[in-house]
Amino acid sequence: MTELDYNEEEILARASKGDRDAFGILYGHYVERIFNYVYYRTGNPHDAEDLTARVFQRAMNHIKNYTDRGVPFSAWLYRIAHNLVANWHRDRSRKQEIPLDDLPVLPTKGDHPERNLVRSQEQDALLRMIRKLPPERQNLLILKFVENMSNAEIGKIMGRSEGAVKSLYHRTLLALRDQLEDQNLNLEGE
Amino acid sequence: MTDQIYQENFDEIETHLAGTLKPVTAPSGLFQRLYERIQLPTPSEITMRLSDWRKLIFVFGGVLSGMLLLITLARALYYLTGRKEIM
């Protein structure tokens with residue numbers, strides 16, 4: 001199905017009546033984006049796969065309850081993903097797990113495969129810093145940079161106004177810059 | 001001036017964030033595994049089912065046309081033989 005054929009309103013109506021084929025189309029449309037979001041929030045490809053499956057299972061079970069009240073379907077999915085990731089972090093903090101830095105790194109799109117295999121020290125340091133940020137700030141950065149969303153779209157997902165997102169983004173950048181300065185990390189030489 | 005320096009610093013951080021937070025390539029076979037786990041039909045299955053519907057319509061149309069032809073032939077024969085008997 002091409003983007004032109006994709007009529008989300010109609011597909012959602014069918015999916016909410018229990019049409020699994022329609023839900024399959026929605027799944028195909030969003031699965032990669034949700035996987036990317038979960039991967040960056042967990043840093044773990046195995047758990048990202050498991051959580052992505054659970055996001056869609058939960059969405060499929062509750063799609064009858066979804067009604068478009070100004071919140072797009074994508075925002076609804078991201079909220080489910082956010083809640084599941086929050087639970088995952090809570091469970092993880094209770095038990096001893098493999099440190100995130102020891103887990104495999106997935107290659108990013110568009111770059112040369114060899115360059116992808118090794119993430120630079122600066123990128124690693126920046127990722128570690130991002131993962132230490134409060135969850136809503138992590139969400140904001142992932143949605144902005146990985147998903148290329150506008151402040152207005154991010155606002156819909158996070159349940160905030162566009163201005164509030166802009167302000168949060170500014171504070172997040174300030175915090176990151178201060179941390180970089182504290183750690184004397186030089187981002188210039190890549 | 002201060003704002004300009006801040007903006008320059010943010011530009012630098014933003015550039016590095018853009019270089020670090022990039023969409024990843026999902027592991028091979030991930031989508032198929034997830035389709036199976038959620039028990040959803042894959043896009044190819046949906047397409048196949050749709051083409052099956054088309055096939056079914058063609059078959060149904062063909063059967064109807066065939067039956068119509070048979071009925072017309074039968075009527076023509078009946079008409080011809082019926083006329084011979086009267087003569």
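Start with α7(A) and α9(A), which are roughly perpendicular to each other, because their angle of about 100° falls in the 65 to 115 degree range. Keep in mind throughout that this is a predicted model. Helix α7 covers residues 135–146 of chain A and helix α9 covers residues 162–182, and their axes are 10 Å apart. On the α7(A) side the contact is made by A:R137, A:L140, A:L141 and A:K144, and α9(A) answers with A:V165, A:L168, A:Y169 and A:T172. Sorted by class, that contact of α7(A) with α9(A) has 5 nonpolar, 1 polar and 2 charged residues.

Helix α9(A) has another partner, helix α8, residues 151–158 of chain A. Here too the angle is about 100°, with the axes 8 Å apart. That makes α8(A) roughly perpendicular to α9(A). From α8(A) the contact takes A:N151, A:A152, A:I154, A:G155 and A:M158, and from α9(A) it takes A:E162, A:A164, A:V165 and A:K166. The class count for α8(A) with α9(A) is 5 nonpolar, 2 polar and 2 charged.

Now to the other packed pair on my list. How do α2(A) and α3(A) lie relative to each other? They are oblique. Helix α2, residues 20–42 of chain A, and helix α3, residues 45–62 of chain A, pack at an angle of about 140°, with their axes 8 Å apart. The crossing of this pair, α2(A) and α3(A), is right-handed. Along α2(A), the contact residues are A:F23, A:Y27, A:V31, A:I34, A:F35, A:V38, A:Y39 and A:T42; along α3(A), they are A:P45, A:D47, A:A48, A:L51, A:T52, A:V55, A:F56 and A:M60. By class, the contact of α2(A) with α3(A) comes to 13 nonpolar residues, 2 polar and 1 charged.

Stepping back to the whole chain. Chain A has 9 helices and 0 strands. Of its 190 residues, 28% are buried. Take the contacts in chain A between residues at least 6 apart in sequence: 58% of them join residues at least 24 apart.

Next, the domains. Chain A is divided into domain 1, residues 1–106, and domain 2, residues 108–190. The contact between them takes 15 residues from domain 1 of chain A and 10 from domain 2 of chain A. On the domain 1 side, α2 and α4 (73–94) of chain A each supply at least two residues. That side of domain 1 divides into 9 nonpolar, 3 polar and 3 charged residues.

Last, the second chain. How many residues of chain A are in contact with chain B? The count is 36 residues of chain A, against 25 residues of chain B. Helices α2, α3, α6 (121–132), α7 and α9 of chain A each give at least two residues to the side that touches chain B. Which of the helices gives the most to that side? It is α2(A), with 12 residues. By class, the side of chain A that touches chain B has 22 nonpolar, 7 polar and 7 charged residues.

To finish on α2(A): this helix packs against α3(A), supplies residues to the side of domain 1 that touches domain 2, and contributes to the side of chain A that touches chain B. That is everything I have.

How values were computed:
Residues numbered from 1 in each chain as written. Chains lettered and ligands numbered in written order. Predicted model: local features only at pLDDT ≥ 70, side-chain atom pairs only at ≥ 80, totals over all residues. Axes fitted to C-alpha atoms, helices over the stretch in contact; angles between N-to-C directions. Helix = DSSP H or I, 4+ residues; strand = E, 2+ residues; numbered from the N terminus. Parallel < 35°, antiparallel > 145°, perpendicular 65-115°, else oblique. Left-handed = near helix turned anticlockwise from the far one by under 90°. Contact = placed C-beta atoms within 7 Å. Nonpolar A, V, L, I, M, F, W, Y, C, P; charged D, E, K, R; others polar. Domains from an automatic or database assignment. Buried ≥ 20, exposed ≤ 12 C-beta atoms within 10 Å, placed from the backbone.
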